[in-house]
Amino acid sequence: MKPKQLIWLRRISQGFFLALFLLLLIQTRFPDAAYQEYSLAVTGEQDIRVGYPATFFFQLDPLIWLTSLLSGHVWIQGFFWAVAALLLTLFLGRFFCGFVCPLGTIHHMVGVVRPALKGKALIKANQKRGSQKIKYFLLVAVLVSALVGLNIVGILDPISLLFRSLALAVFPAVGNGIKAACDVIAASDIKPFNLLGYAAEEIASPIFGYGYPAFQTGWLIGALFLVILFLNRIRPRFWCRTLCPLGALFGVLSRFSMVRLEKKPEACTDCQKCALACQGAASPGPGVDWDSSECLLCFNCFARCPEDALTFRFRWFPAQNRGPDMGRRAVLAGLLAGVSIPFLGRLDGQIHKVSDPRLIRPPGAVEERDFLRLCQRCGLCMKVCPTNVINPALAEAGMAGFWTPTLTMTLGYCEYTCTLCGSVCPTGAIAEISGKEKVGRPIRIGSAYLDRGRCLPWSGNGPCIVCEEHCPTSPKAIYLRLDVQTRQDGAKVTVQLPYVDLKRCVGCGICENKCPVKGRPAIRVMAAGETRSVRNQILLDI
Amino acid sequence: MDDPITRREAIKKGLCLSGSLALACAAGWPVHAPSEAWALKKEEGFLIEGVGQAPGYSVQELTEKVFDAAGGMKRFVSKGDVVVVKPNISWARAPNLAASTNPEVLEAVIHLAFNAGAKKVRIADNTIHNAERCFALTGAGMVAKKTGADLIHPRSSLMRDMKMQGHRLDIWPVFVPLIEADKVINLPVAKVHGLCELTLGMKNWIGGVGGRRNALHQDIHQSIVDLARFFRPTVTLIDAIRIMVKNGPSGGSEADVAAMNRLILSNDAVAADARAAGLFHVAPASVGYMVLAEKQGLGSLDMSAVTLKEVIL
């Protein structure tokens, strides 16, 4: 194949996979088709599911497969995609980085659209440097940490990172802006504007979500994403070269790659055009060995070389390339960090504590220690949740559980028969359950407690019962008792006082969400009583 | 009309025209004008109760028969009307749990409205649970797809502050599609309720507003009456095919449901509610908002005030 064609093949592939990633991200939501299928609605026999393979990129990511296996001893669904990606890397090198990775594509685009460096500065920036070892350090650290019992790869894994950043920060930010504009236009008294506002909203809402979805710590996720993008101004594809643990994994495996860059030093005029265009700082120039473990397979050097001194060739016989320049210190430091991180993560005592009052895991979530071995902090469950209740934790789950999902009942509530979050979890940290199981077993995520001092009827401030009305279990976990209260002026009034039956409460949190006492609702849900934990029980018989 | 009309002629013609119009109006004006000359002509109240007794009767047919007994849907819907149907689809529950309006009734009503010449039929409810899940699980989404009615997604741009001039509610955000309709059909399901005993037709208007709805419970009866006065539907059809007899208003189990196989159609919102209360063996006079509604002139609790008809299938 001619080099120009290879470049176009790469661009088409990058565009395709980025578009696919965005499509799957947008479609990770309550499906449209569900409210047109009567069979789904009328019987409740079938659970509503996202109609797209939302976890495809997560199945394709070997780091997610490996860490789930090392840490949680689980073969995740669709792991053969990841195995295939690894096997292909043995033959083709880091094709994933150059042809598939959507985060890599975004970095590539940022660098091409707004190049920060030119000429000599760019050539210098594209020289291989010691800092590229950091990614091996990070790879070793996350793998060892997973083995020891804490899976933190999701913080750095490019697929998780991109999904989290787009779904929890970029899309809500853009969407809320559009939505606010639509609201302003729709509020106009001029009819055409009015209709325009509605129409724009109809188009924007399926993509960005109805209402104003927002996530706690979304600002932090967004800010870090911007920082990562801005790193491209220091060096092209800074993230891929220096930090990406997945890139490091592929780098290690590309040693035996059969796609090789062959140099003809005698033809080289030292024009440095290859170094100008190199995305991976993989030493394409003469005089040094090509670094297969750094090469992102962008084929730029091949296409730019005016003297045909560089050619990519496919060699059937296994020829060993230059090994990855990991550095003994990077590996040792990685080992040390990997062993330490799980223990450092326990320093705040959160793992050994029974639970944090604010930490409520999604329905179907496995026991906390297993959860931290499996959760990728990718944000799929948060994106798919129709009520926006699932949020990335800041401190609720302790240091070790940073950005893992927690339910914030003041932002949403868990719908009684909804099981979407478990159906999209790529590693099974939230098990896929059916609506029937959720209601019938039942699966409790916590239990509700009344704050009698704040509750309107209990505090003598009038009738209410909103919590009882919304309680979804049958019979209701919140029940009412009539009581006569004496008001300040001495008048007797009969009110209905709410009580919670802990045996029936599933902790869905709709009572907390709908309570008219704002700020700190008069009824609140805590994780106590959650079925996933043996230790976190209240009642003797359940 | 080849010659262009002069200004003088135009004025003359205009005066003639307005003069004769004024005369015509004066002639048509009743000599003994009623005290409220601009009040709408008081429509005669009717109440039709449809009962499906035959095993395996068609709900759609029952709905059609009930409307026929009232003079057909054409009595309520004119050609080119934008009709909004307000079902109760607030809870994301399957239809067999009777937490939401029966989709078969909803479908039949929409068909009737289209057949009567409606330009557009919209399904509008400001749901309590997530709207998309409500559309899916109650079957309303499927009905919309089947009939071609528009399913209105409740959202902030469709809530507008309006003056209600109620005894309790003054300015409150209202779900706009209900206001921008030519005709509104109230299509609630009959259920029990922890606070106001029953949720029927008038209570259904809680789903027509936004804002701090959960605070309305602090004076629920007057709030319901204020809303019922504000919305005043063209007609109310209470779905009592299945009713929720306990654990209301959300239910969640078939044990909470009783089959009544009834539909109650009335242009008197209070009479419709009062009639439906009978299905629960509740005396209308013991339900706060019904008593208030009658007192404040919204309709009649007394069945003798309306023309009663029964349709049996």
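**Close-ups of a two-chain predicted model**

**View 1. Helices H2(B) and H3(B) packed together.** In chain B, helix H2 (residues 59–69) packs on helix H3 (residues 103–115) at an angle of about 50°, the axes being 9 Å apart. (Axes are lines fitted to C-alpha atoms, for helices over the stretch in contact, and angles run from 0 to 180 degrees between N-to-C directions; helices are DSSP runs of H or I, at least four residues, numbered from the N terminus.) That angle makes H2(B) oblique to H3(B), oblique being what is left after under 35 degrees (roughly parallel), over 145 (roughly antiparallel) and 65 to 115 (roughly perpendicular). On the H2(B) side, look for B:Val59, B:Gln60, B:Thr63, B:Glu64 and B:Phe67; contact means C-beta atoms, placed from the backbone, within 7 Å.

This is a predicted model: local features need pLDDT of at least 70 and side-chain atom pairs 80 or more, while totals for chains, interfaces and linings use all residues. Residues are numbered from 1 along each chain as its sequence is written, with chains lettered from A and ligands numbered from 1 in the order written.

**View 2. Where chain B meets chain A.** Here 34 residues of chain B are in contact with 44 residues of chain A. Helices H4 (131–138) and H5 (140–147) of chain B each give two or more residues to that side of chain B, and H4(B) gives the most, with 7 residues.

**View 3. Around B:Ala228.** B:Ala228 is in contact with B:Met202, B:Trp205, B:Ala269, B:Ala293 and B:Leu298, leaving aside its neighbours within four places in sequence.

Methods. Contact = placed C-beta atoms within 7 Å.
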